[in-house]
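Please follow the paragraphs below with the sequence and the model open side by side. They go from strand pairing to packing and then to charged pairs.

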Amino acid sequence: MYKAAPRLLLGALLLLTGCYNLGSQRLDQDQSDYSLSLIAAGKRQTLLNIVRLRYADTPGFLDTTQLISGYQLQRSLSIGVGTDTPIRPSGGAGVQFQESPTFTFQPVTGDAYAQSFLRPMPIGSLLPLAMGGLPIDVLFRLAVQSINLINNAGAIGSGVGRGSPEFFELIHDLRVLQVAGLLGIQLEHSAEVPGKTPSFDRVFLTVSSTDNPVLAETVYETRRFFQMKPHDERVEAVYGAGQPRPGQIRILTRTMLGALGQIAYQIDVPQDDITSGRTQPRILLIGRETKPIVVVHVGNTLPENTFSSVRYNKRYYYISENDFDSKLAFTMLQILLELSKTTKNPGTIVTIPVNG
């Protein structure tokens, strides 16, 4: 029996002083959990701002600038050995685990707001997204207001914001060429000359030839719209509206606020909200594309299967999980939002410690 006490003491010590891979175990789980939470929160914020714009309410943006997840592990051990025979060890052991996450938020205001949401999207940042496989028709519906002299749907009410049928025909043809591998984007960088002009990027859209008779017709119509010469395969894309110069197309990109507003005014809200004057009728698109780019449903109850949802003025607004086209367009909108963000000196910062 005397040999039992040292063995018990040794076992307890090994239990408390053994390897606790707390950091490595929590890293993978926390990274996944916080990533999912940040993405879900970002989607809800974007959807809420779209709904706010639908009702002429002020949008607001709050960035999560810092996440700190601290952990503390405390272990205690007490063992006593009596003098009685037989010897019986006594005591106790304890482990205490404490989590202290802290979130830091920063409102987007001032210069950061102007740069992120009121500045037109640069063509050199927008068009290369199509090179990564994003559908160019969805991209243009979200971020382009006009190409040459034809207009996309605008972020205003009534019929004047419906857009030109030719715009939807053009982006349909561009998507066909993109899928067929006949549409490309080229970036040319001009090196900076000291004491002269700064460096700049030029963006070219290429439309390749093909022997396929069906695709050849689409190539011909696209080149004709871009006023390309018969044997030219590329045209320079420049920012602006109106009639382009020879060898160029003029693309007027939207601001992020404009992209959000265009989606907002396509929400089919209850009729009593329109009758009461709380909002205007939604845009009715014309031409090939008559379906809103992002279908946002409105209801008094919330279905179980939703991609993202918010509650506003006692109603639920949500995007269905089963609507792939709306989910894709909304995800691309989130990508554009991230690309539009700019780094500015922090202003007002809200830090919230979370105690479990």
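Strand β7 (residues 234-239) runs parallel to β8, and the two pair over four bridges. Within this pairing, Y239 stands opposite I251 in β8. The model is a predicted one. Strand β8 (residues 248-253) also pairs with strand β3 (residues 144-147), here in the antiparallel sense and over three bridges.

Helix α9 covers residues 256-264 and is mostly covered, with seven of its nine residues buried. The buried residues of α9 are M256, A259, L260, G261, Q262, I263 and A264.

Which residues touch the most other members of the largest nonpolar core? They are F140, F226, L333 and L336, in a core of 67 residues. This core draws at least three residues from each of two domains, domain 1 (29-71 + 259-346) and domain 2 (120-254). Leaving aside residues up to four places away in sequence, F226 touches I147, L170, L174, L205, V235, Q248 and I249. Among these contacts of F226, I147 falls within the range of β3 and Q248 and I249 within that of β8, while V235 falls within that of β7.

Turning to charged side chains, a search of the whole structure finds ten salt bridges. One of them joins E188 and R234, whose closest N and O atoms are 2.9 Å apart. E188 belongs to strand β5 (residues 183-190) and R234 to strand β7, so this pair ties together parts that are 46 residues apart in sequence. Both ends count as partly exposed, E188 because its relative accessibility is 32% and R234 because its value is 35%.

Another salt bridge links D273 and R315, with 3.0 Å between the closest N and O atoms. D273 sits in helix α10 (residues 271-275) and R315 in strand β11 (residues 315-320), 42 residues apart in the chain. Are these two residues buried or exposed? D273 counts as buried at 4% relative accessibility, and R315 is buried too, with a relative accessible area of 15%.

K291 and D323 form a salt bridge with an N to O distance of 3.8 Å. K291 is in the loop between α10 and β9 (297-299) and D323 in the loop between β11 and α11 (324-340), so the pair ties together parts 32 residues apart in sequence. At 39% relative accessibility K291 counts as partly exposed, whereas D323, at 12%, counts as buried. Finally, salt bridges with shared partners join D272, D273, R278 and R315 into one network.

Definitions and conventions
Residues are numbered from 1 along each chain as its sequence is written. This is a predicted model: local features need pLDDT of at least 70, side-chain atom pairs count only at pLDDT 80 or more; totals for chains, interfaces and linings use all residues. Side-chain values use heavy atoms; hydrogens and water are left out. Two strands pair if DSSP finds at least two bridges between them. Buried means under 20% relative accessible area, exposed over 50%, partly exposed in between (1.4 Å probe, protein chains only). A nonpolar core is a set of buried Ala, Val, Leu, Ile, Met, Phe, Trp, Tyr and Cys residues joined through side-chain atoms within 4.5 Å. Domain bounds come from an automatic or database domain assignment. Contact means heavy atoms within 4.5 Å. A salt bridge is a side-chain nitrogen of Lys or Arg within 4 Å of a carboxyl oxygen of Asp or Glu.
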